[in-house]
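Dear colleague,

I am handing over a structure that you have not worked with before, and I would be glad if you could look through it with the notes below beside you. The sequence and the coordinates come first, and what was found in them follows.

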Amino acid sequence: MATEITNERNVIFKDLGMIRYQEAWDYQKNLFGQVMEIKKYNDELPVCEQNTNYNYLLFCEHPHVYTLGKSGSEENLLINSELLKKKGVEFYKIDRGGDITYHGPGQIVGYPIFNLEEFSLGVKQYIYKIEEAVINTLSEYSIKGERFEGGTGVWLDTDKPSEARKICAIGVKASRFVTMHGFAFNVNTNLDYYNYINPCGFVDKGVTSMEKELGKKVNMNEVKSKLLKSFETVFGFKLKDF
């Protein structure tokens, strides 16, 4: 059943472009704090007196960086700090779920800061919908994205264990049903950087990108546009300024 699209869910979209990980993380935390503060304030008021609260959807790209989730193992980073520095890669331990992943140029990183109560969603349903938005986007390029039992994100060829590979990683944080962090969708990503980690903790699964699957570079702005429209459809909102 299709999700009803409504203007009552106030979602603001912003493309931050190429931005260092720490700067984007600080930006997220600021918005997350605002949403949490207004939500707490509204909880003490009758509906007719509550302030408008906003949800945010951020897209960006990062310079080369590895991030390790709070439940992850540093052993999944396969190179030392000297080699990281030599290759110009930053490394952060962060407060999302999941293990280690890579962010870099040619990858759409998405940070939804959503009040899930407004969407009538639990965290598992929320992750499912992110996966659905990416799967729908891939289908427009004749790439069959799938879910993989035992691993979040979007995968290809899950029915062939030796060929299963991830094209989009997901790792989120939720507090009082407000989310931050999000997903990393490989479009024209340099996959060599995955050789220095066990992506998401997997030692027997590969990674891929749209460029690798299609054999050519893909227009990033076009993919962003399709992905954004897919988010609107799947989550049931309409951006006021698209």
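The buried residues of helix α3 are Tyr126, Ile127, Lys129, Ile130, Glu131, Ala133, Val134, Ile135, Thr137 and Leu138. Please keep in mind while reading that this is a predicted model.

Although 28 residues separate Lys124 from Thr152 in sequence, their C-alpha atoms are 9.9 Å apart in space.

**The protein as a whole**

Taking a step back, the protein contains 5 helices and 11 strands. For its 242 residues a compact globule would have a radius of gyration near 18 Å, and the protein, at 18 Å, agrees with this. Along the principal axes, the C-alpha atoms fill a box of roughly 55 × 40 × 30 Å. Of the 242 residues, 51% count as buried, while the accessible surface comes to about 12,000 Å², with 48% of that area belonging to carbon and sulfur atoms.

Among contacts with a separation of 6 or more, 75% are made by residues 24 or more positions apart. As for charge, there are 30 positive and 33 negative side chains, and the centres of these two sets lie 2 Å apart.

**Two further helices**

Helix α1 runs over residues 21–43, and its 23 residues should span 33 Å at 1.5 Å a residue, in agreement with the 33 Å between its end C-alpha atoms. Its buried residues are Tyr21, Ala24, Trp25, Gln28, Leu31, Phe32, Val35, Met36, Lys39 and Asn42.

Helix α5, at residues 220–235, passes the same kind of check, for its 16 residues should span 22 Å and its end C-alpha atoms are 22 Å apart. In α5 the buried residues are Met220, Val223, Lys224, Leu227, Leu228, Ser230, Phe231, Glu232, Val234 and Phe235. What covers the buried residues of α5? The cover includes the strands β1 (11–18), β2 (55–61), β6 (107–113) and β10 (178–186), together with the helices α3 and α4 (210–214).

**A buried tyrosine**

Tyr66 lies in strand β3, which comprises residues 65–68, and it counts as buried because its relative accessibility is 0%, where under 20% is required. Leaving aside neighbours within four places in sequence, Tyr66 is in contact with Leu77, Leu84, Val89, Glu90, Phe91, Tyr92, Ile100, Thr101, Tyr102, Tyr193, Tyr196 and Ile197. Lys40, by contrast, is 26 residues from Tyr66 along the chain, and their C-alpha atoms are separated by 33 Å.

**Two positive phi angles**

Most residues other than glycine have a negative phi. Ser120, however, is not a glycine and has a positive phi of about 55 degrees. Ser120 is found in the loop between β6 and α3, where it is exposed, with a relative accessible area of 60%.

Phe177 is likewise a residue other than glycine with a positive phi, in this case near 65 degrees. Phe177 sits in the loop between β9 (165–175) and β10, and at 40% relative accessibility it counts as partly exposed.

Note on methods
Residues are numbered from 1 along each chain as its sequence is written. This is a predicted model: local features need pLDDT of at least 70, side-chain atom pairs count only at pLDDT 80 or more; totals for chains, interfaces and linings use all residues. Side-chain values use heavy atoms; hydrogens and water are left out. Helices (H or I, at least four residues) and strands (E, at least two) are DSSP runs, numbered from the N terminus. The radius of gyration is taken over C-alpha atoms; the globule rule is 2.2 Å times the number of residues to the power 0.38. Buried means under 20% relative accessible area, exposed over 50%, partly exposed in between (1.4 Å probe, protein chains only). Contact means heavy atoms within 4.5 Å. Accessible areas come from the Shrake-Rupley method with a 1.4 Å probe; for residues, only the protein chains shown count as cover. Lys and Arg count as positive and Asp and Glu as negative; His and the chain ends are not counted. The place of a charge is taken as NZ of Lys, CZ of Arg, CG of Asp or CD of Glu. The expected span of a helix is 1.5 Å times one less than its number of residues.
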